[in-house]
Amino acid sequence: MTDNPRAVIGGNSPPDPIEATLAPFDAALAEAANWLDGKPVSNAEQMKAVDALAKQVKAARKAVKDARDAATGPLHEAWKAEVARWKPTEDDLDRITKGLAAIVDGFKRKLAAEQEAARCAAYEEAERKKREAEAAAMAADAGNIEAQRQAAAAKQEAIDAAKLAAATKVEVRGLRTEHRHEITDYRAAASWIWQRDRKALEAFVDEYVSKDRGTNVIAGVRTWTEKVAF
C-alpha cells in the first residue's frame, strides 16, 4: 500500500472545475448559509455584514459564469460550426420542397374543389332520392303490388345513393387546412375575450403595463417606485 494518495488509479485526475472555481468563496458561502436561517436583518451592523456577503456571492456567481463559458465556449463554437456546415444543404432542400409544393398547389386546389363539388352533389342527390322514396312509400296503396314494387325500388335507390354519398370523399394528398383570420373590430374582439377568457386579457394588460414601466399614463393603472435590495 502506498503512502502517496495520488499513486492510485485515477489519482492524477484534474480537480473539478466547479469546485476549483468556488474554492475561494467557500468561507463566504458557508457564512451566507448561516445567515439564511429564516430570521431577517434587524440592525445596521447585520445589514453591512449581509451586504458584504452578498457582494462575495455575486462575485462567486460571476466567477462560475466565466468558468462555465470558458469550459463550454469551445464546445459551443464547434456546435455552431457544425450547424453552419449543414445549414446550406437543409436550406436548399427546404427551397426544393417549397418549390415543388408551389408548382402543384394550384392543381391540387382545383382537384380538391372538384371533389368537394362532387361530394356535395352526391349528398344532394341522396337527399333527393330519400324524399322521393318517402313520398312513394306514402302514396303506394298496400293493395297495389306495382305501386309497392315502385316504392321498394325507390327506397333501394335512396339507400344506394346514401352509400355513394358516404363513399364520395375529398382525397387530395399534400393539402392541409390552415385556419386564418381577420380582426375587423378590435374593441368587439377584446370585449368578447373579456367576457369569456378574462384571465388571458388580464395577463396581456399586466405584461403591457410592466413593459411600459410608467412611461405613459395609462387609464386604470396606478404606478409608483420602491427601493428594494439587490
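Helix axes are lines fitted to C-alpha atoms over the stretch in contact, and the angle between two axes runs from 0 to 180 degrees between N-to-C directions. In the predicted model, the axes of helix α2 (residues 26-35) and helix α3 come within 10 Å and cross at roughly 135 degrees. Angles over 145 degrees count as roughly antiparallel and those from 65 to 115 as roughly perpendicular, and α2 is therefore oblique to α3. The crossing of these two helices is left-handed. On the α2 side, the contact is formed by A28, L29, E31, A32 and W35, which meet Q46, A49, V50, L53, Q56 and V57 of α3. By class, the residues of this contact comprise 8 nonpolar, 2 polar and 1 charged.

From α3, the residues A122, Y123, A126, K129, K130, A133, A136 and A137 take part; their partners in α4 are A151, A154, K155, E157, A158, A161, A162, A165 and A166. The contact of α3 with α4 contains 13 nonpolar and 4 charged residues, and no polar ones.

When neighbours within four places in sequence are set aside, T21 is in contact with A63, V64 and A67.

At the level of the whole chain, 6 helices and 0 strands are assigned, and the order of elements from the N terminus is α-α-α-α-α-α. The radius of gyration of the chain is 38 Å, whereas a compact globule of 230 residues would have a value near 17 Å. Along the principal axes, the C-alpha atoms fill a box of roughly 115 × 60 × 45 Å. Among contacts between residues at least 6 apart in sequence, 58% join residues at least 24 apart.

Note on methods. Residues are numbered from 1 along each chain as its sequence is written. This is a predicted model: local features need pLDDT of at least 70, side-chain atom pairs count only at pLDDT 80 or more; totals for chains, interfaces and linings use all residues. Side-chain values use heavy atoms; hydrogens and water are left out. Contact means heavy atoms within 4.5 Å. Helices (H or I, at least four residues) and strands (E, at least two) are DSSP runs, numbered from the N terminus. Ala, Val, Leu, Ile, Met, Phe, Trp, Tyr, Cys and Pro count as nonpolar, Asp, Glu, Lys and Arg as charged, and the others, Gly among them, as polar. Angles under 35 degrees count as roughly parallel, over 145 as roughly antiparallel, 65 to 115 as roughly perpendicular and the rest as oblique. A crossing is left-handed if the near helix is turned anticlockwise from the far one by less than a right angle, and right-handed if clockwise. The radius of gyration is taken over C-alpha atoms; the globule rule is 2.2 Å times the number of residues to the power 0.38.
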